Amino acid sequence: MNYTKTEKNGYTLHLIQTDKFKTITLRANFRTLVREDLITKRELLAGILSVSSKKYPKRREFVMRKEELYQLGCGATSYTSGNALVFMADLKFIHEKYTEKGMNKESLEFFLDTLMQPDIDDQKFNSGVFTLEKRNYLEFLEGKNDDPNRYASWKLDTLRGRKTPLSFDRSGDMDTLISLNEKELYQVYKEMIENDKLDIFVIGDITKEELEPLFDAYFLKRTSVKEEINHFLAYPKGEAIVEKEASPFKQSKLKMGYFIENMTSFERNYVLRVYNFLLGSSSDSLLFKTVREENSLCYDIHSTCAPLYDMLTVSAGIEAKDYEKTVSLIQESIQKMREGDFSHEELEKVKLNYKTSYEETVDSDGSILSLYESHVYLHSGLLEERIEAISTVTKDMVVALAQKVKLDVIYLLEGNDANE
């Protein structure tokens, strides 16, 4: 694989050339600083740009054209990434070597037209598509709290985020969506196209000379190069918060949030992942053995790490009556990690597991693109660097990191079995 980065006036092209795949895969990422109201608006925008364009305004026409382009796949989504809000438009199509000459250009033009020439008249989106996608989004938002685990995760982040972007509801806000109209959404789109920082990642057997003329035609009219965005988000820490909330469900959801103080870049990218795996991200982990197997206190338990926010979360499905005991055992497990209560063999097994998963990255074009995205946005290593770095993680490093893990929030969505 050969990676090149080209800075243009209106965009940055990241090209990963390889003949390993029969397809060409592309991601266009528009990035800006996250705003709470913008989360909802851009999510609706992503839905509309995934099903129509000026040239193909009806969903059926849009789908038929994708089929004519040998089942071309394209779509858009919007998501938060620390301080950043990312609008990602993606494309995947079969290389013309395996279809017919000229299909590379036709496929790229279809995608670029969808992104840059949406169905807009009189500075507003087509009312038919807008209304349908808005209704679909409203139905999703109306049902999102039916999932107790999702709701508990959102409440945990609301508490720990203390009104920073971490506390924003990443699935969107119903009041914002209800008040949104076609003209206002066009202004959101216009602002994104004109002002966001744009990175285009492409992987496949294609050259810069094939791509640049097309991209230039669509993107060079954008204004000058934008400043880089720092994705890493530092949120305020305080006294540990404990909150309980009644739930109509039988099972209780326990969420315990921790922050990690003063991590180095190496700790964030490698040591934290090893620590998390040992603590609670597998069936061999300390939490699983202690809380589930030895004490039978939960339906499920696991830990996750979020390097963008320097934080760790422990999640468990429990019965409300077991709340105190479960919290105590989780805290004991955190303390055992501080004391290095894990073997050299367990550590080496985790490192081997990560090494294997890194090596498998090269089997997927999407995974390779994600690797380069992380390299550009989060300054993490590329494949060989990751494999080498993970092998150097020692027990002392993991124990040193464990000393930095501090309790921030305990949240219990308390099931109704407590009232039986």
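Which residue forms a salt bridge with R160? Select D157: the closest N and O atoms of this pair are 3.5 Å apart. Here a salt bridge is a side-chain nitrogen of Lys or Arg within 4 Å of a carboxyl oxygen of Asp or Glu.

Before going on, note that this is a predicted model, where local features need pLDDT of at least 70 and side-chain atom pairs count only at pLDDT 80 or more, while totals for chains, interfaces and linings use all residues. Residues are numbered from 1 along each chain as its sequence is written, and side-chain values use heavy atoms, with hydrogens and water left out.

**Stop 1: salt bridges in helices**

Stay with R160 and D157. The two sit three residues apart, about one turn, in helix 5 (residues 148-161). Helices (H or I, at least four residues) and strands (E, at least two) are DSSP runs, numbered from the N terminus. Both R160 and D157 are buried. Buried means under 20% relative accessible area, exposed means over 50%, and partly exposed is in between (1.4 Å probe, protein chains only).

Next, select helix 7 (residues 182-195), where K190 and E194 are four residues apart, about one turn of the helix. Their salt bridge has its closest N and O atoms 3.2 Å apart. K190 is partly exposed at 30% relative accessible area, and E194 is partly exposed at 35%.

K351 is buried, with a relative accessible area of 8%, whereas E348 is partly exposed at 33%.

An α-helix has 3.6 residues a turn, so residues three or four places apart point the same way.

To see a network of salt bridges, select R35, D37, K41, E184 and E191 together. The count of salt bridges comes to 32.

**Stop 2**

Now pick helix 2 (residues 59-68), whose buried residues are F62, R65 and K66. Seen down the axis, these buried residues fall within an arc of 100°, so they line one face of helix 2; the arc is that of the directions from the helix axis to the C-beta atoms. What covers them? Look for helix 1 (36-49), strand 4 (73-81) and helix 3 (103-116), which are among the elements covering the buried residues of helix 2.

Move on to Y70, in the loop between helix 2 and strand 4. Y70 has a positive phi, near 55°, in a residue other than glycine. With a relative accessible area of 34%, Y70 is partly exposed.

I94 belongs to strand 5 (residues 84-94) and is partly exposed at 32% relative accessibility.

**Stop 2: strand 13 and its partners**

How many of the ten residues in strand 13 (residues 405-414) are buried? Seven of them are, so call this strand mostly covered. Strand 9 (residues 241-246) runs parallel to strand 13, joined by six bridges, and A246 stands opposite E414. Strand 10 (residues 252-260) pairs with strand 13 in the antiparallel sense over eight bridges; there, select G257 and its bridge partner V409. Two strands pair if DSSP finds at least two bridges between them.

**Stop 3: two loops**

Select the loop between helix 13 (365-378) and helix 14 (383-391), where you'll find S380. S380 is buried at 7% relative accessibility. Leaving aside neighbours within four places in sequence, S380 is in contact (heavy atoms within 4.5 Å) with N269, S374, H375 and R386. H379 is in this loop too, but is exposed, at 54%.

Finish at L308, in the loop between strand 11 (300-306) and strand 12 (311-318). The C-alpha atoms of L308 and F232 are separated by 4.9 Å, although the two are 76 residues apart along the chain.
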